[in-house]
Amino acid sequence: MTWQDTSGMKVLLVDDTPANLDVLNKTLSEENYEIALASNGKQALKTAEYFQPDLIMLDIMMPDMDGYETSEKLKNNLKTQDIPIIFITARSSLDDIVKGFDMGCVDYIVKPFQQTEVMARVRTHLQLQAAKQSLIQLNQQKKRLLGIAAHDIRGPLSGILANLELLHDPDLHLPDGQQSECIQTAYTTTNQLLTLVNDLLDASVIETGELRLQMTEENLKDILVHR
């Protein structure tokens, strides 16, 4: 799934009014999202922890635990703190909206809402979340690649250093043949390292989409002979 494609992503809807949940559920189900429902704050906390939604749509005016308290508890839980929250509520004063953003919400929708507006905002925030997740995965892949590269580079560098130390040691009088062998080994290993570094750079260019291919005419027989 690319970051532009949000189908199949998870959305948790939290509202104490069944009619509101029903409307939101029907609206968002048209976009092929995986939907979970919660009718109060306590249920929302439990559902968010095991369902792990990509987005939470949270009502503010709920009994026992309102949306603000629910949001605060979600943000204080390591398992749910990074899930974006959209407040969707009838409270429309500027103070309420500012408080919502201060509580960490990414958007604020006032009831009664337009279904097309809700769909557009949800889609936008899911795309942002998907892009964020893609960046996290990319960084993890780069860390693994760097770990592999460091391992692959360490061995050849140690070999080059060992040969150079033999050549540089004034107490050793290596025969000309052994000196040439050390130099040739260091030269060959250096070329191998250069090839590895170039491969890493090429992979980076391909990954960023900046690789530009140039078409040239070649003699297939010459290519096969050189191989």
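So, burial to start with: of the 227 residues in this protein, 29% are buried. Keep in mind that we're looking at a predicted model. The accessible surface comes to about 14900 Å², and carbon and sulfur atoms hold 55% of that.

Okay, the overall layout. There are 7 helices and 5 strands. If you walk along from the N terminus, you go β-α-β-α-β-α-β-α-β-α-α-α.

You'll find Ala-44 in helix 2, which covers residues 41-51. Is Ala-44 buried or exposed? Its relative accessible area is 1%, so Ala-44 is buried. Leaving out residues up to four places away in sequence, Ala-44 touches Leu-12, Val-14, Ala-38 and Thr-70. Thr-70 is 26 residues from Ala-44 along the chain, and their C-alpha atoms are separated by 7.7 Å.

Now for the rings. Searching the whole structure turns up 2 aromatic pairs. One of these is Tyr-68 with Phe-87, an edge-to-face pair with 5.7 Å centre to centre and 75° between the planes. That pair links distant parts of the chain: Tyr-68 belongs to helix 3 (residues 67-75) and Phe-87 to strand 4 (residues 85-89), 19 residues apart. Buried means under 20% relative accessible area. Tyr-68 comes in at 5%, so Tyr-68 counts as buried, and Phe-87, at 0%, is buried as well. Bring in Tyr-108, and ring pairs link Tyr-68, Phe-87 and Tyr-108 into a cluster.

There's another ring to point out, Phe-51. Which residue lies over the face of Phe-51? That's Lys-10, at 5.2 Å from the ring centre.

Last stop, the surface. Leu-164, Leu-167 and Ile-183 form a nonpolar patch there, and together they have about 250 Å² of accessible area. Leu-164 sits in helix 5, residues 115-168.

To recap, then: Ala-44 is a buried residue in our tour, Tyr-68, Phe-87 and Tyr-108 make the ring cluster, and the Leu-164, Leu-167 and Ile-183 patch is on the surface.

Key:
Residues are numbered from 1 along each chain as its sequence is written. This is a predicted model: local features need pLDDT of at least 70, side-chain atom pairs count only at pLDDT 80 or more; totals for chains, interfaces and linings use all residues. Side-chain values use heavy atoms; hydrogens and water are left out. Patches are made of residues with over 30% relative accessible area and no salt bridge: like charges are joined within 9 Å, nonpolar side chains (Val, Leu, Ile, Met, Phe, Trp, Tyr) within 5 Å. Accessible areas come from the Shrake-Rupley method with a 1.4 Å probe; for residues, only the protein chains shown count as cover. A salt bridge is a side-chain nitrogen of Lys or Arg within 4 Å of a carboxyl oxygen of Asp or Glu. Helices (H or I, at least four residues) and strands (E, at least two) are DSSP runs, numbered from the N terminus. Rings of Phe, Tyr and Trp (its six-membered ring) pair if their centres lie within 6.5 Å; planes under 30 degrees apart count as stacked, over 60 as edge-to-face and the rest as tilted. Buried means under 20% relative accessible area, exposed over 50%, partly exposed in between (1.4 Å probe, protein chains only). A charge sits over a ring if NZ of Lys or CZ of Arg is within 6 Å of the ring centre and within 35 degrees of the ring normal. Contact means heavy atoms within 4.5 Å.
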